[in-house]
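I opened the model to look up a few things and kept notes as I went. The entries follow in the order of looking.

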Amino acid sequence: RCAEISTLEVGDIRERHDPPVVLVHGKGGRERIVPLHPDAVVALRRHGIPLRGLVFPGRPPWRVSHLLRGHITACGISASAHQLRHWFATQLLLSMYAQYCT
């Protein structure tokens, strides 16, 4: 979620875990641990992770959404970050159905 990306703090990224993880603070104050793809770790390092505080300071959720949309469009995909979340969940459910129900 764009809101979770915009509030991501440096201390929430746990690179030393195997695999690396990020502590996500979601809706309703819920926290969850999410695996972090190695490519995402490389991209964060290239971005220049600050020593403390927000990873993306000055990026409110609407700005994160616009930046992601621009990147997604540049990749030739006509979708928003929110639509990609739905697509991913659908693909995951289809994969699980195929694995366990056939």
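**Entry 1: D12.** I looked up D12 and found it in the loop between α1 (2–6) and β1 (13–14). Helices (H or I, at least four residues) and strands (E, at least two) are DSSP runs, numbered from the N terminus. This is a predicted model, in which local features need pLDDT of at least 70, side-chain atom pairs count only at pLDDT 80 or more, and totals for chains, interfaces and linings use all residues. Residues are numbered from 1 along each chain as its sequence is written, and side-chain values use heavy atoms, with hydrogens and water left out.

I asked which side chain of opposite charge is nearest to D12. Buried means under 20% relative accessible area, exposed over 50%, and partly exposed in between (1.4 Å probe, protein chains only). For charge, Lys and Arg count as positive and Asp and Glu as negative, while His and the chain ends are not counted. A salt bridge is a side-chain nitrogen of Lys or Arg within 4 Å of a carboxyl oxygen of Asp or Glu. Leaving aside neighbours within four places in sequence, I found D12 in contact (heavy atoms within 4.5 Å) with V21, V22, L23 and H25.

**Entry 2: the chain as a whole.** I noted 4 helices and 3 strands in the protein chain, in the pattern α-β-β-β-α-α-α along the sequence. Along the principal axes, the C-alpha atoms fill a box of roughly 50 × 30 × 30 Å. Of the 102 residues, 23% are buried. Among contacts with a separation of 6 or more, 44% are between residues 24 or more positions apart.

**Entry 3: salt bridges.** How many salt bridges does the structure hold? I found 3. In one of them, the side chains of R1 and E4 meet at 3.4 Å, N to O. R1 is partly exposed, with a relative accessible area of 30%, whereas E4 counts as buried because its relative accessibility is 11%.

E4 also forms a salt bridge with R32, the closest N and O atoms being 3.3 Å apart. E4 lies in helix α1 and R32 in strand β3, so this pair ties together parts that are 28 residues apart in sequence. R32 is partly exposed, at a relative accessible area of 40%. I therefore wrote down R1, E4 and R32 as one network of salt bridges, given the pairing of E4 with R32 across α1 and β3.

The side chains of E15 and R45 meet in a salt bridge at 2.4 Å, N to O. E15 sits in the loop between β1 and β2 and R45 in helix α2, so the pair ties together parts that are 30 residues apart in sequence. E15 counts as partly exposed, at 31% relative accessibility, and R45 is exposed, with a relative accessible area of 54%.

**Entry 4: the largest pocket.** I read off about 1,600 Å³ of space in the largest pocket. It is lined by 35 residues, and the closest to its centre are R1, I5, L36, A40 and L68. The elements that give two or more residues to the lining are α1, β2 (21–25), β3 (31–35), α2 (38–47), α3 and α4 (81–100). The largest share, 6 residues, comes from α4.

For the method: on a 1 Å grid over the protein atoms alone, a pocket is an open set of points where a 1.4 Å probe fits, with protein on both sides within 12 Å along at least five of seven lines, and lining residues have an atom within 4 Å of a point. Grid points are joined across faces, edges and corners, and the volume is the space filled by probe spheres set on the points.

Entry 5: I placed L36 in the loop between β3 and α2. L36 counts as buried because its relative accessibility is 13%. Beyond four places in sequence, L36 is in contact with I13, P20, V21, V41 and L44.

Is I33, in contrast, buried or exposed? I33 counts as exposed, at 63% relative accessibility. I33 lies in strand β3, and its C-alpha is 4.7 Å from that of L23, 10 residues apart in sequence.

**Entry 6: helix α3.** Helix α3 (residues 61–74) has 14 residues and reaches 20 Å from first C-alpha to last, close to the 20 Å expected at 1.5 Å a residue. The expected span is 1.5 Å times one less than the number of residues. Just after α3, I noted that G76 takes a positive phi of about 85 degrees.
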